[in-house]
Amino acid sequence: MAGGASGGIKDVKLEGGASCSLEVLQALPILKKAYGDSMHKVLHVGPDSCSVVSSLLEEGDTEAWGIEPYELDDVGAKCKNLVRKGIVRVADIKFSLPYRAKSFSLVIVSDALDYLSPRYLNKTLPELVRVSADGVVIFTGYPGQQKTRGEEVAKFGRPAKLRSSSWWIRFFVQISLDENDTAGKKYEQASTKKAYKPACQVFHLKSYP
């Protein structure tokens, strides 16, 4: 289920397309509590993947990779280094991911799905689930949270479509994906304990058996 109360929206200033990727950085300690050992081999998919991957790699006991769904502009040396090593790659997530089934223990997605129409989501979401072994965590914006900016449309091809939690839950059912209620409850409990209010909607999906 979606994590957190809507009151948290006011706590974080959201700008551009990377708002939920920044949210992932804040949520990493919560994700560790919820997923434990499943955080040892992580794929992050979304804008600002270099930042998320760098933070995960700093943990020492975590292997991390990233997919940037859009062209990288004005990135620093650290990000260029990750791309050069093949740890972060630029790839169009509307097509099959270049990984075998269950290549990663956990897949974390932020912002990337907000720019896809249901026609592409039908293919992309099952692909993300396919390459995960212990689940997929989706961070997505709340409806009405973000104004469309011209440069965003130019970069992503379309404005972000921020959908309600009920829309997402119906969509998961429609394409036969199961929510991971156990992980969702652990995530909510850890959030409450740390007085953390997510500024984005968070969904937890099970991997395929």
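Buried residues (under 20% relative accessible area with a 1.4 Å probe, protein chains only) make up 50% of the 209 residues in the protein chain. This is a predicted model, where local features need pLDDT of at least 70, side-chain atom pairs count only at pLDDT 80 or more, and totals for chains, interfaces and linings use all residues. Residues are numbered from 1 along each chain as its sequence is written, and side-chain values use heavy atoms, without hydrogens and water.

The protein chain holds seven helices and six strands. These are DSSP runs numbered from the N terminus: helices are H or I with at least four residues, strands are E with at least two. Along the sequence the pattern reads α-β-α-β-α-β-β-α-β-α-α-α-β.

Strand β5 spans residues 136-140; five of its five residues are buried, so the rest of the structure largely encloses the strand. Val136, Ile138 and Thr140 point one way, Val137 and Phe139 the other. In a regular strand the side chains alternate between the two faces of the sheet.

β4, helix α4 (residues 118-130) and β5 form a right-handed β-α-β unit. Right-handed means that, with the strands pointing away from the viewer, the path from the first strand over the helix to the second runs clockwise.
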